[in-house]
Amino acid sequence: RKQITQNRIVRNPSLAQKIKRYYDFKCQICGERLDSLKGPYAEAAHIKPLGTPFNGPDIGENILCLCPNHHKLLDVGGIKITPDLQIINFEYKSVIGSLKTIRRHSVGLEYLSWHWEQWNWN
């Protein structure tokens, strides 16, 4: 055994749960809700990732409620979201839908702009 010291980002799990409950655990992109014996499942996806090197904040404006597939696509640049909340697919370079939102959850345009600039599809 070897003792190590590690710094970790401390997330706010109650904030993630709140965002997921806002959307009834339905993906803001496809609308799917994954139900299981343990209850519904969705992921709290940070638009601008937490931690080094990006240092995105753990705030509601930087979090989306997504299914695992769309979370991964967002993280690897397979989809982008425009400032007017249109979802663009990498493969087709076309709009595949609109991000579903509700009044009590505002999506931060500065985080969407940051994400957009990270992925060059040329």
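Asp-24 is partly exposed, with a relative accessible area of 38%; here, buried denotes under 20% relative accessible area, exposed over 50%, and partly exposed the range in between, with a 1.4 Å probe and protein chains only. The structure is a predicted model, in which local features need pLDDT of at least 70 and side-chain atom pairs count only at pLDDT 80 or more, whereas totals for chains, interfaces and linings use all residues. Residues are numbered from 1 along each chain as its sequence is written, and side-chain values use heavy atoms, with hydrogens and water left out.

Asp-24 is located in the loop between α1 (13-22) and β1 (34-36); helices (H or I, at least four residues) and strands (E, at least two) are DSSP runs numbered from the N terminus. The phi of Asp-24 is near 55°, a positive value in a residue other than glycine. The side chain of Asp-24 forms a salt bridge with that of Arg-33, at 2.7 Å from N to O. A salt bridge is defined as a side-chain nitrogen of Lys or Arg within 4 Å of a carboxyl oxygen of Asp or Glu, and the structure holds 2 of them. Arg-33, partly exposed at 28% relative accessibility, also meets Asp-35 in a salt bridge of 2.8 Å, N to O. Asp-35 is exposed, with a relative accessible area of 54%. Through shared partners, the salt bridges join Asp-24, Arg-33 and Asp-35 into one network.

The peptide bond from Thr-52 to Pro-53 is cis, with omega near 5°. Asn-55, found in the loop between β3 and β4 as well, has a positive phi of about 60° although it is not a glycine. Asn-55 is exposed, its relative accessible area being 53%. In general, most residues other than glycine have a negative phi, and most peptide bonds are trans.

The interior was examined in terms of nonpolar cores, each a set of buried Ala, Val, Leu, Ile, Met, Phe, Trp, Tyr and Cys residues joined through side-chain atoms within 4.5 Å. The largest nonpolar core has 16 residues, and those with the most contacts inside it are Ile-29, Leu-64, Leu-66, Leu-74, Ile-81 and Leu-99. At least two residues of this core are supplied by each of β4 (63-66), β5 (79-81) and α3 (109-118). A second, separate core of 9 residues includes Leu-15, Ala-16, Ala-42 and Cys-65. Contact is taken as heavy atoms within 4.5 Å. With residues up to four places away in sequence not counted, Leu-64 touches residues including Ile-19, Glu-43, Ile-47, Leu-74, Ile-81, Leu-99 and Val-107.

Helix α2 (residues 68-76) contains Leu-73, and its buried residues include His-70, His-71 and Leu-74. These residues cover an arc of only 105° around the axis, which puts them on the same side of α2; the arc is that of the directions from the helix axis to the C-beta atoms. The face of α2 turned away from its buried side carries the exposed residues Asn-69 and Lys-72. The buried residues of α2 pack against β3 (43-46), β4, β5 and α3. His-70, with a relative accessible area of 15%, is in contact with Cys-27, Ile-29, Cys-30 and Ile-79, leaving aside its neighbours within four places in sequence. After α2 comes Gly-77, whose phi is positive, near 80°.

In α3, Tyr-111, Leu-112, Trp-114 and His-115 are buried. Seen down the axis of α3, its buried residues fall within an arc of 160°, so they line one face of the helix. Glu-110 and Glu-117 are exposed on the other side of α3. The buried residues of α3 pack against α2 and β5. Leu-112 is also one of the contacts of Leu-85, together with Gly-97, Ser-98, Leu-99 and Thr-101, when neighbours within four places in sequence are left aside. Leu-85 lies in the loop between β5 and β6 (86-89).

At the surface, Leu-73, Val-76 and Trp-119 form a nonpolar patch with about 230 Å² of accessible area together. Patches are made of residues with over 30% relative accessible area and no salt bridge, like charges being joined within 9 Å and nonpolar side chains (Val, Leu, Ile, Met, Phe, Trp, Tyr) within 5 Å. Accessible areas come from the Shrake-Rupley method with a 1.4 Å probe, and for residues only the protein chains shown count as cover. Leu-73 counts as partly exposed, at 33% relative accessibility.
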